[in-house]
Amino acid sequence: MAARILIADEVGLGKTIQAALVIAEVLERMRHARVLIVAPASLREQWQAELRDRFGVDAWLADSASLARLGASWGTANPWAGRPVTITSIDFVKRPEVLRSLEALVWDVIVFDEAHGLTGHSDRALAAAALASRSRTVVLLSATPHSGDDRAFESLRSIGDLDHGFPLLTFRRTRSDIGVGVSRRTTTMRVKTTLAERDMHHALETYARKVRTEHGEGSDPAHLAMTVLTRRACSSASSLARSVERRLELLPSDGSSTMSQMMLPLFELAADEEPGAELSAPGLDDRDEERWWLERILVLARRAQSAESKLRALTRLLRRAQQPAIVFTEYRDTLARVASELQALRPVTLHGGLTAAERRENLRDFTTGAAPLLLATDAASEGLNLQHRCRLVVNLELPWTPLRLEQRIGRVERIGQSRRVHAVHLLAVGTA
């Protein structure tokens, strides 16, 4: 029916299994078929296990180390061409030297997992387009294909569409379509802020308003810097303090801008590190006034971080719930702050800075019951199957896009979840 397929079922309805059925069928029909699976790095081993355990398909994980080992024994042959099924990560294949080694190969099937991360003009999108142009069949998987941005959605739909000659066949099932009722209960917990937090947010809001007034309407780097600081303040006072310190360090003394374009990866699901260069954009024309405001906000943020209202509310919530829980936050440094505050609850963490071995160990501790609490960033919000261990998800702050909420809650709201899922959003009263 089509050479390009988008499987867009809701989170937890088995997109991986459906794609694996496609792969198994192609391998059965074609003796020398070659399949490439491109997924987020954190999901490669899960793909390998699913193919092996459910379909008896042995897949090779391609990364720098495995390619180096094969290259030494293969000589001039291309190691990418030697296995029927290869699994790799998009962030590995987007490297120019890796992409060059794939240019001459033709694939019978390419599967792009979490395909919503391949839109726009990013390196990931360019790599996906280049690979898809060399495949006979392209399978895109995403529970959240549309972010609300029509241009991004069209970018996703165009992957592999050579000369507009290959229409996209889309499948989307909801829980009601397959007879699984909606079992989610979402609660918004409005948290009253402390006086110190209110002073911090008010000072930041006043400073940001001054900057935006001077720069007028638009989306220049100064507006971006204010958005970053606001998001950091909504994450935690300690996160804001770190970013204000960073801005004070980066702020040019001569009023020039070190930024040539907007660089914040607003929809980059793995970007859980604290912001850097985007905080260097000059804001107020008066350098002395700008530094005065930043130093004032820094003092207030440090004062507020000694007793953060959301952390107190989170502690009370988890103690009352008395059940396994996953707490999501946007930034890795906020995660460290939460882990320190909840040390008595013996949490384990998942974030973009962990090695594969550390990630496996922490996940094992949580799923086996050795740890009752999992603290995670959005680097862990895709692909995990935790429905048999947990039904409570807490969002410390609202993420930039509702897509992330669906991905987060989808870790426990999956086929096999026998209990009602509870999602709790913590909102600081009177803040952005």
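Colleague: Is H15 largely enclosed by the rest of the structure or left open, and why?
Modeller: Please note that this is a predicted model. H15 is largely enclosed by the rest of the structure, because 6 of its 8 residues are buried.

Colleague: Which residues in H15 are buried?
Modeller: They are Leu403, Arg404, Leu405, Gln407, Arg408 and Ile409.

Colleague: And what covers the buried residues of H15?
Modeller: The cover includes the strands E8, E9, E12 and E13. Helix H15, residues 402-409, lies across E8, E9, E12 and strand E13 (421-428). The helix runs at about 150° to E12.

Colleague: In what order do the strands of that open sheet come?
Modeller: The order is E8-E13-E12-E9-E11-E10, which makes 6 strands with parallel pairing.

Colleague: Which strands stand at the edges?
Modeller: Strand E8 (184-191) and strand E10 (347-350) do. Each has a single partner strand, so one side of each is left without a neighbour in the sheet. From one strand to the next, the twist averages 20°.

Colleague: How many bridges are there between E9 and E12?
Modeller: Strand E9 (residues 325-328) pairs with strand E12 (residues 392-395) over 4 bridges, in the parallel sense. In this pair, Ile326 stands opposite Val393 in E12.

Colleague: Which strands does H14 lie across?
Modeller: Helix H14, residues 356-367, lies across E9, E10 and strand E11 (373-376). Its direction is at about 140° to E10.

Colleague: Let us change topic. What is the strand order in the open sheet of 7 strands?
Modeller: That sheet has the order E3-E4-E2-E5-E6-E1-E7, and its pairing is parallel. Strand E3 (60-61) and E7 stand at the edges; each has a single partner strand, so one side of each lacks a neighbour in the sheet.

Colleague: How do E2 and E4 pair?
Modeller: Strand E2 (residues 35-39) and strand E4 (residues 85-89) pair in the parallel sense over 5 bridges. There, Leu36 stands opposite Thr86 in E4.

Colleague: Which strands do H2 and H6 lie across?
Modeller: Helix H2 (residues 44-55) lies across E2, E3, E4, strand E5 (109-112) and strand E6 (138-141), at about 160° to E4. Helix H6 (residues 123-132) lies across E2, E5 and E6, at about 160° to E5.

Colleague: Where is Thr170 found?
Modeller: Thr170 is in strand E7 (residues 168-171). Leaving aside residues up to four places away in sequence, Thr170 touches Leu6 and Arg157.

Colleague: What separates the C-alpha atoms of Thr170 and Glu214?
Modeller: They are 47 Å apart, and the two residues are 44 residues apart along the chain.

Colleague: Finally, how many helices and strands does the protein have?
Modeller: It has 15 helices and 13 strands. The radius of gyration is 23 Å, close to the 22 Å that the globule rule gives for 432 residues, so the protein is as compact as a globular protein of that length. Its C-alpha atoms fill a box of roughly 70 × 55 × 40 Å along the principal axes.

Colleague: What share of the residues is buried?
Modeller: Buried residues make up 50% of the 432 residues.

Conventions
Residues are numbered from 1 along each chain as its sequence is written. This is a predicted model: local features need pLDDT of at least 70, side-chain atom pairs count only at pLDDT 80 or more; totals for chains, interfaces and linings use all residues. Side-chain values use heavy atoms; hydrogens and water are left out. Two strands pair if DSSP finds at least two bridges between them. Helices (H or I, at least four residues) and strands (E, at least two) are DSSP runs, numbered from the N terminus. Axes are lines fitted to C-alpha atoms, for helices over the stretch in contact, and angles run from 0 to 180 degrees between N-to-C directions. Contact means heavy atoms within 4.5 Å. The radius of gyration is taken over C-alpha atoms; the globule rule is 2.2 Å times the number of residues to the power 0.38. Buried means under 20% relative accessible area, exposed over 50%, partly exposed in between (1.4 Å probe, protein chains only).
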